[in-house]
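Here is a briefing on one chain. Look over the sequence and the model before reading on.

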Amino acid sequence: MLAAWGDAAREPFTPDNLAVRQERDAAARPRPSVRELRADGLFEVDELRVPGASGDPDVTLVSARPAGLTGPLPLQFYMHTAAA
């Protein structure tokens with residue numbers, strides 16, 4: 001994977017390049033909307049809001065699991081921060 005990214009994989013994250021890196025990431029891996037995840041009933045999707053720290057905005061959490069499955073399942077956790 002690092003070889004496929006080339007020099008971009010070694011580029012440090014800095015306040016000056018964060019917005020550009022976020023745009024590049026979003027273009028390379030478009031994220032489905034909650035509506036798209038619910039399409040055709042393949043997934044059960046919940047959107048939750050968790051209060052942010054004092055003075056900070058709330059955090060939105062999206063839970064999507066295959067429809068009809070019960071019990072524990074593996075979890076993929078993805079987190080990012082927005083540019084200020």
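Which charged end sits over the ring of Phe13? Arg21 supplies the charged end, 3.8 Å from the ring centre. The criterion is NZ of Lys or CZ of Arg within 6 Å of the ring centre and within 35 degrees of the ring normal. The model is predicted: local features need pLDDT of at least 70, side-chain atom pairs count only at pLDDT 80 or more, and totals for chains, interfaces and linings use all residues. Residues are numbered from 1 along each chain as its sequence is written, and side-chain values use heavy atoms, with hydrogens and water left out.

**Confidence**
- Mean pLDDT of the chain is 80 (the predictor's confidence in each residue, from 0 to 100).
- A value of 70 or more is reached by 85% of the residues.
- Confidence is lowest in α1, with a mean of 64, and highest in strand β1 (residues 43–50), at 88.
- Where pLDDT is low, predicted coordinates should not be read in detail.

**Fold and surface**
- The chain has three helices and two strands; these are DSSP runs, with helices H or I of at least four residues and strands E of at least two, numbered from the N terminus.
- Their order from the N terminus is α-α-α-β-β.
- Of the 84 residues, 5% count as buried (under 20% relative accessible area; exposed is over 50%, partly exposed in between; 1.4 Å probe, protein chains only).
- Contact means heavy atoms within 4.5 Å. Among contacts between residues at least 6 apart in sequence, 23% join residues at least 24 apart.

**Asn17**
- Asn17 lies in the loop between α1 (2–5) and α2 (18–28).
- Asn17 counts as buried because its relative accessibility is 13%.
- Its side chain reaches the backbone oxygen of Pro12 at 2.8 Å. A polar atom of the Asn17 side chain also lies 2.9 Å from the backbone nitrogen of Thr14.
- Leaving out residues up to four places away in sequence, Asn17 touches Glu11 and Pro12.

**Val34**
- Val34 is in helix α3 (residues 34–38).
- Val34 is buried, since its relative accessible area is 15%.
- Val34 touches Val45, Glu47 and Val62, with residues up to four places away in sequence not counted.
- Val34 and Val45 are eleven residues apart along the chain, and their C-alpha atoms are separated by 6.9 Å.

Terms used: A polar contact is a pair of N or O atoms within 3.5 Å; within protein, one must be able to donate a hydrogen and the other to accept it, and residues adjacent in sequence count only if both atoms are side-chain atoms.
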